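My plan is to look things up one by one and jot down what turns up.

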Amino acid sequence: MRRSYVGEVSVYRSNAYQGLRFADVQNCAPRAELRARARAYVGEEDEDCIPAASSAPERTWRKVNKVSTLPLPVSLQESLTSPHVQLVIQAPQGVPKGGRPRCRTRSALSLIFEENRFPEPLYYRNVDCMGIPSLLSQKECEKIIDFAESCHFRDLVRLRVVDLCYVDIRDASFAEALWKSGLGWLLRTVRLDGMIPCGLNEVVRIQKFVQGGHVALHTDRPIRLEDGRVSKYSLRIFLNGSTDKHFEGGLSVFHVPFQDPVVFEPMTGLALLYPQGELCTPQEEAEVTFGTKYVLRADVIFRPALP
């Protein structure tokens, strides 16, 4: 049977020993010890390794009897010229047969946000309300208005209480994108009653006030979800403003007890964040005397903080 030779292993000496003769090296240790070191170098424990003829100071050891078998997933095939190695890449553990699950598809409305931002809040002395100027850009507000107009608005009319039109957008990806556009970063350190904010309710309401539209004095109530999460803050974003001559009137008025009312003039992209329930300041939306006013309303959801 023809013997197969697979490579060769050469033992080299450092430059510091170039002046030594091979006989000097041979006399440093018994021959049996040198052969044992050579066998250990090539990974064999039998007598299949023999020294090949060479000149000092280099000594070459050649494998002449056996061909080492490489472990899977590497397979070795003999060839007349050179050995051929095939690498078999196996699928990682824990991946389903059909591949990794696809990411959740995002709605077209959730793609309107141009970039992540880091808003600077405004705090007011006489009212428990946070103002966030330019939370949304004018272009983003216009896209939300166009989407809302493509839907069917419902009328909500109660004599001397409320007069407006609204449409509820049930879109979890849109609510998540709105939260990540800057609100999540702004409220990252907030903790209230052992709970922390985790996002917006997936139902976002767009309110439309035409001429004569208004909302009388009221407070916002919290909502509770089935999974135990609860809302504690209301978010109001003006999608257009009276300063842009889109409408007249429509001021947001907060009635602070025993003090003068705090009035907010709608500006495009301005957001107001204020508490709900017992801590909510009574407020009203003044009557729109001309044009059309658009407002986005959402609830900030809180979950228990991890210990």
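Does R205 count as buried, partly exposed or exposed, and at what relative accessibility? I looked it up: R205 counts as partly exposed, because its relative accessibility is 28%. My cut-offs are under 20% relative accessible area for buried, over 50% for exposed and partly exposed in between, with a 1.4 Å probe and protein chains only.

**Ground rules.** I'm working with a predicted model, in which local features need pLDDT of at least 70 and side-chain atom pairs count only at pLDDT 80 or more, while totals for chains, interfaces and linings use all residues. Residues are numbered from 1 along each chain as its sequence is written, and side-chain values use heavy atoms, with hydrogens and water left out.

**The whole chain.** I noted four helices and 20 strands in the protein chain. The chain has 307 residues, and 36% of them count as buried. I also looked up contacts, meaning heavy atoms within 4.5 Å. Among contacts with a separation of 6 or more, 73% are between residues 24 or more positions apart. The accessible surface comes to about 20100 Å², and carbon and sulfur atoms account for 53% of that. Those areas come from the Shrake-Rupley method with a 1.4 Å probe; for residues, only the protein chains shown count as cover.

**Back to R205.** I found its side chain in a salt bridge with D168, at 2.7 Å from N to O. R205 lies in strand β11 and D168 in strand β9, so the pair ties together parts that are 37 residues apart in sequence. For a salt bridge I need a side-chain nitrogen of Lys or Arg within 4 Å of a carboxyl oxygen of Asp or Glu. D168 counts as partly exposed, at 37% relative accessibility.

**The largest pocket.** R205 turned up again here: together with Q207, H218, D220 and R297, it lies nearest the centre of the largest pocket, which is lined by 28 residues. The elements giving two or more residues to that lining are β8 (154–158), β9 (162–170), β11 (203–209), β12 (214–218), β18 (283–285) and β20 (293–304). By class I wrote down 14 nonpolar, five polar and nine charged residues. Here Ala, Val, Leu, Ile, Met, Phe, Trp, Tyr, Cys and Pro are nonpolar, Asp, Glu, Lys and Arg are charged, and the others, Gly among them, are polar. The space in this pocket is about 800 Å³.

How is a pocket told from a cavity? On a 1 Å grid over the protein atoms alone, a cavity is a set of points where a 1.4 Å probe fits but cannot get out, while a pocket is an open set with protein on both sides within 12 Å along at least five of seven lines; lining residues have an atom within 4 Å of a point. Grid points are joined across faces, edges and corners, and the volume is the space filled by probe spheres set on the points.

D220, R297 and D299 are linked in a network of them. R117 pairs with E140, with the closest N and O atoms 2.8 Å apart. R117 sits in the loop between β5 (84–87) and β6 (122–123), and E140 in helix α3 (residues 138–150), 23 residues apart. Both R117 and E140 are buried. E149 pairs with K208, at 3.2 Å between the closest N and O atoms. E149 lies in helix α3 and K208 in strand β11, so this pair ties together parts 59 residues apart in sequence. E149 is partly exposed at 35% relative accessibility, whereas K208 is buried at 17%.

**M130.** I found M130 in strand β7 (residues 130–132), buried with a relative accessible area of 12%. M130 and L272 are 142 residues apart in sequence, yet 5.7 Å apart in space, C-alpha to C-alpha. Leaving aside neighbours within four places in sequence, the contacts of M130 include P121, Y124, L186 and L272.

**Positive phi.** D193 has phi near 55°, positive though the residue is not glycine. D193 is in the loop between α4 (172–186) and β10 (195–200), and is exposed at 66% relative accessibility.
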